[in-house]
Amino acid sequence: MTARAREAILYGGTGQAKVVRAILEPQGIRVVAVVDDTAELAPPFDDVPLLLGLDGLRSWISRRDAGALGFCVAIGPPHGLIRVKIADELTALGLTELSAVHPSSVIDPSARIGRGFQAMAGAIVQPHAVIGRQCIVNTRASVDHECVLADGCDIGPAATLCGEVTVGRGAWIAAGATVLPRLTIGERAVVGAGSLVRARVEAHTTVVGVPASVLHRDRRLLK
Ligand SMILES: CC(C)(COP(=O)(O)OP(=O)(O)OC[C@H]1O[C@@H](n2cnc3c(N)ncnc32)[C@H](O)[C@@H]1OP(=O)(O)O)[C@@H](O)C(=O)NCCC(=O)NCCS
C-alpha cells in the first residue's frame with residue numbers, strides 16, 4: 001500500500017466491528033460500510049450502511065473507487081481462517097487490507113506482524129514475536145518474546161502466551177488462558193477460557209481447565 005486508505009469497510013457486523021471502528025476512526029480512517037452474511041442482522045451502527053454479503057459489497061463498490069478503500073475483517077473466534085479467506089476475496093476486489101492497532105497496545109518494533117493485524121486496547125507483543133496474517137491479539141492479551149503465530153489466530157482478552165510459544169493456523173486461545181513457555185498449540189486447536197496449558201495441544205483439539213486437559217478431539221468446530 002503506498003498511501004493509507006482514509007475510508008474503510010468492515011466485514012462482520014457484530015461486536016468486533018464496534019471495537020475495530022473505535023480504533024480506526026480516531027486514527028482518521030472513516031468506516032463507510034459494514035458487510036455481513038447474515039440477512040436478519042440488526043445494523044451495528046445507525047450512521048453506516050449494512051450490506052449483505054460479498055454480492056451486496058460488489059454492487060455497492062461498483063459505484064466507487066475500490067482502490068481508495070481499505071478493509072478490516074471484524075469477525076472474532078472461532079473464525080480466524082474465515083478471516084483469511086474473506087481477506088483474500090476483498091483483496092481480489094481491489095481493497096487494501098488494513099491493520100487496526102489500538103494506541104494503548106505495545107508492539108515491539110522487532111516483532112514481525114502480518115497483514116490485517118488487530119491489536120485491541122492494552123495488547124502486548126514482545127520482541128521478536130512473529131505474527132501471521134489476520135491475527136487478533138485482543139484486549140490486554142500478551143504475546144511474549146519469540147512467539148510464532150500462524151495465520152488466522154485469535155488470542156483472547158487477557159490471555160497470556162509466555163515466551164517462544166508456537167500457535168498453529170486458526171487456533172484460538174480464549175479469554176484469560178495461559179500457555180507456558182516453548183509449547184506448541186496445534187492448528188485449529190482451542191484453549192478454553194481461563195485454562196492453564198502445560199503441555200503441547202494437538203491440532204483440532206479443545207482443551208480446558210487448570211491444568212488443561214482434552215475436552216474434544218478432532219471436533220472441526222472451526223470450518
Ligand atoms: C472451550 C469452549 C470453546 C468449549 O465450548 P463447548 O465445546 O461448547 O463446551 P461446553 O460449553 O459444551 O462445555 C463442555 C464441558 O466443558 C466444560 N468447560 C467448557 N469450557 C470450559 C472452560 N473454559 N474451563 C473449564 N471447563 C470448561 C463445561 O463446564 C462442560 O463441563 P460438563 O460436561 O462437566 O458440564 C468454551 O467453553 C470457552 O472456553 N469459550 C471461550 C469464550 C471466550 O473466551 N470468549 C471470548 C471471545 S473474544
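Analyst: Happy to. One term before we start: a residue counts as buried when its relative accessible area is under 20%. Also, keep in mind that this is a predicted model.

User: Thanks. How many residues of S1 are buried?

Analyst: Four of the five, so S1 is largely enclosed by the rest of the structure.

User: Which strands pair with S1, then?

Analyst: S4 and S2. S1 and S4 run parallel and are joined by five bridges, and one example is leucine 10, whose bridge partner in S4 is cysteine 72. With S2 the pairing is again in the parallel sense, over five bridges. There, isoleucine 9 has alanine 33 of S2 as its bridge partner.

User: What order do the strands take in the sheet?

Analyst: The order is S3-S2-S1-S4-S5, five strands in an open sheet with parallel pairing. S3 and S5 (96-97) stand at the edges with a single partner strand each, so one side of each has no neighbour in the sheet.

User: How many bridges hold S4 and S5 together?

Analyst: Two, in the parallel sense. Glycine 70 is the residue that stands opposite threonine 96 in S5. Helix H3 packs on this sheet and touches S1, S4 and S5, with its direction at about 165 degrees to that of S4.

User: And where does H1 lie?

Analyst: H1, residues 15-24, lies across S1, S2 and S4, and runs at about 165 degrees to S1.

User: Which of the residues in H1 are buried?

Analyst: Gln16, Ala17, Val20, Arg21, Ile23 and Leu24. Looking down the axis of H1, you find these buried residues within an arc of 160 degrees, so they line one face of the helix.

User: Why would residues a few places apart end up pointing the same way?

Analyst: An α-helix has 3.6 residues a turn, so residues three or four places apart point the same way.

User: Trp60 makes me curious about H2. Which residues of that helix are buried?

Analyst: In H2, residues 53-61, the buried ones are Gly53, Leu54, Leu57, Trp60 and Ile61. Their arc around the axis is only 135 degrees, which puts them on the same side of H2.

User: What do they pack against?

Analyst: Strands S1 (7-11), S2 (30-36), S3 (50-52) and S4 (69-73), plus helix H3 (80-92).

User: Let's zoom in on leucine 69. Buried or exposed?

Analyst: Leucine 69 is found in strand S4. This residue has 3% relative accessibility, so leucine 69 counts as buried. Leaving out residues up to four places away in sequence, leucine 69 touches Ala5, Glu7, Ala8, Ile9, Val32, Trp60, Ile61, Leu95 and Thr96.

User: How far is leucine 69 from leucine 95 in space?

Analyst: 5.4 Å from C-alpha to C-alpha, although they are 26 residues apart in sequence.

User: Now the loops. Is proline 109 buried or exposed?

Analyst: Exposed, at 79% relative accessibility. Proline 109 has its place in the loop between strand S7 (106-107) and strand S8 (112-113).

User: And asparagine 138, buried or exposed?

Analyst: Buried, with a relative accessible area of 14%. Asparagine 138 lies in the loop between strand S12 (136-137) and strand S13 (142-143). Not counting residues up to four places away in sequence, its contacts are Gln16, Met120, Ala123, Ile155, Gly156 and Pro157.

User: Last one: in what sense do S23 and S24 pair?

Analyst: The antiparallel sense, over four bridges, with S23 covering residues 205-208 and S24 covering residues 213-217. Valine 207 has valine 214 in S24 as its bridge partner. Four residues lie between the strands of this hairpin, where glycine 209 takes a positive phi near 100 degrees.

Technical notes: Residues numbered from 1 in each chain as written. Predicted model: local features only at pLDDT ≥ 70, side-chain atom pairs only at ≥ 80, totals over all residues. Heavy atoms only, no water. Buried < 20%, exposed > 50% of the residue type's maximum accessible area, 1.4 Å probe, protein only. Arc of directions from axis to C-beta. Contact = heavy atoms within 4.5 Å. Pairing = 2+ DSSP bridges. Axes fitted to C-alpha atoms, helices over the stretch in contact; angles between N-to-C directions.
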